[in-house]
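I opened a notebook for a structure I had not looked at before. These entries record what I looked up, in the order I took it.

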Amino acid sequence: MIKLRLKRFGKKREASFRLVACNSTSRRDGRPLQELGFYNPRTKETRLDTEAIRERLGQGAQPTDVVRTLLERGGLLEKTVRPAETVGKAKQAAKREADAKQAAKEAAEAKAAAAEEKAAEAEASDSSESESTEG
């Protein structure tokens with residue numbers, strides 16, 4: 001199967017990437033079948049060979065997730081919501097909801113504890129006042 005993926009090049013900590021078509025079993029920086037574009041994440045510069053990419057996609061090449069987002073930004077692919085995104089967003093929403101419930105519960109418990117403490121202080125001060133007035 002042919003994959004559209006990024007091939008790293010450049011200096012240490014200053015990576016740039018070439019968009020390449022290669023066999024899915026080959027190494028990341030191995031010899032590609034064809035170079036299709038360029039992406040620099042530091043400057044967000046992207047150059048795509050649109051004709052060659054359309055041809056490879058027509059042949060059934062599968063882009064990786066990062067390459068898919070680059071192609072969507074470039075207008076070569078329609079933006080689609082992938083199942084992993086949907087599941088991830090649902091999990092995040094459920095976690096936020098659970099965290100909000102937990103925070104509300106903790107706040108109610110803290111408020112109740114503060115009210116009990118205040119009542120105990122008031123009772124203690126009432127008893128000390130009654131002892132001082134009796135004596």
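**Entry 1. A term before starting.** I needed a rule for strand pairing: two strands pair if DSSP finds at least two bridges between them. With that in hand I looked up S3 and S4, which run antiparallel and are joined by four bridges. I note here that the model is predicted.

**Entry 2. The chain as a whole.** I listed the elements and found three helices and five strands in the chain. Read along the sequence, their pattern is β-β-β-β-α-β-α-α. I then looked up the radius of gyration, which is 31 Å, while the globule rule gives 14 Å for 135 residues; the chain is therefore more spread out than a compact globule. The C-alpha trace spans about 100 × 35 × 25 Å along its principal axes. Of the 135 residues, 21% count as buried. For contacts between residues at least 6 apart in sequence, I noted that 30% join residues at least 24 apart.

**Entry 3. The sheet.** In what order do the five strands lie in the sheet? I read the order as S4-S3-S2-S1-S5, in an open sheet with mixed pairing. The edge strands are S4 (45–48) and S5 (62–63), each of which pairs on one side only. As a reminder to myself, strands of a sheet pair through backbone hydrogen bonds, either parallel or antiparallel.

**Entry 4. Strand S3 and its neighbours.** I took S3 next. S2 (residues 14–23) and S3 (residues 34–40) pair in the antiparallel sense, over five bridges. I looked up who faces whom: phenylalanine 17 stands opposite tyrosine 39 in S3, and valine 20 has glutamate 35 of S3 as its bridge partner. S3 and S4 form a hairpin with four residues between them. Is S3 enclosed or open to the outside? Five of its seven residues are buried, so S3 is largely enclosed by the rest of the structure.

**Entry 5. Helices on the sheet.** Helix H1 (residues 50–58) lies across S1 (2–11), S2, S3, S4 and S5, and runs at about 120 degrees to S3. Helix H2 (residues 65–74) packs on the sheet and touches S1, S2, S3, S4 and S5. The direction of H2 makes about 95 degrees with that of S1. Which residues of H2 are buried? I wrote down Val67, Leu70, Leu71 and Glu72. The buried residues of H2 pack against S1, S2, S3, S4, H1 and S5. Just after H2 I found glycine 75, with a positive phi of about 85 degrees.

**Entry 6. Aromatic rings.** How many aromatic pairs does the structure hold? I found one. The pair is phenylalanine 9 with phenylalanine 38, at 6.1 Å centre to centre and with 55 degrees between the planes, and it is tilted. Phenylalanine 9 lies in S1 and phenylalanine 38 in S3, so the pair ties together parts that are 29 residues apart in sequence. I checked the accessibility of both. Phenylalanine 9 has a relative accessible area of 27% and is partly exposed. Phenylalanine 38 has 16%, which makes it buried, because the cut-off for buried is under 20%. I also looked at what else meets the ring of phenylalanine 9: the charged end of arginine 18 sits over that ring, 3.9 Å from its centre.

**Entry 7. Positive phi outside glycine.** I looked up two residues under this heading. Arginine 13 is one of them, with phi near 60 degrees, a positive value in a residue other than glycine. I located arginine 13 in the loop between S1 and S2. Its relative accessible area is 81%, so arginine 13 is exposed. Lysine 44 also has a positive phi, near 60 degrees, and is not a glycine. Lysine 44 is in the loop between S3 and S4, in the turn of the hairpin from Entry 4. Is lysine 44 buried or exposed? At 56% relative accessibility, lysine 44 counts as exposed.

Conventions:
Residues are numbered from 1 along each chain as its sequence is written. This is a predicted model: local features need pLDDT of at least 70, side-chain atom pairs count only at pLDDT 80 or more; totals for chains, interfaces and linings use all residues. Side-chain values use heavy atoms; hydrogens and water are left out. Helices (H or I, at least four residues) and strands (E, at least two) are DSSP runs, numbered from the N terminus. Contact means heavy atoms within 4.5 Å. Axes are lines fitted to C-alpha atoms, for helices over the stretch in contact, and angles run from 0 to 180 degrees between N-to-C directions. Rings of Phe, Tyr and Trp (its six-membered ring) pair if their centres lie within 6.5 Å; planes under 30 degrees apart count as stacked, over 60 as edge-to-face and the rest as tilted. Buried means under 20% relative accessible area, exposed over 50%, partly exposed in between (1.4 Å probe, protein chains only). A charge sits over a ring if NZ of Lys or CZ of Arg is within 6 Å of the ring centre and within 35 degrees of the ring normal. The radius of gyration is taken over C-alpha atoms; the globule rule is 2.2 Å times the number of residues to the power 0.38.
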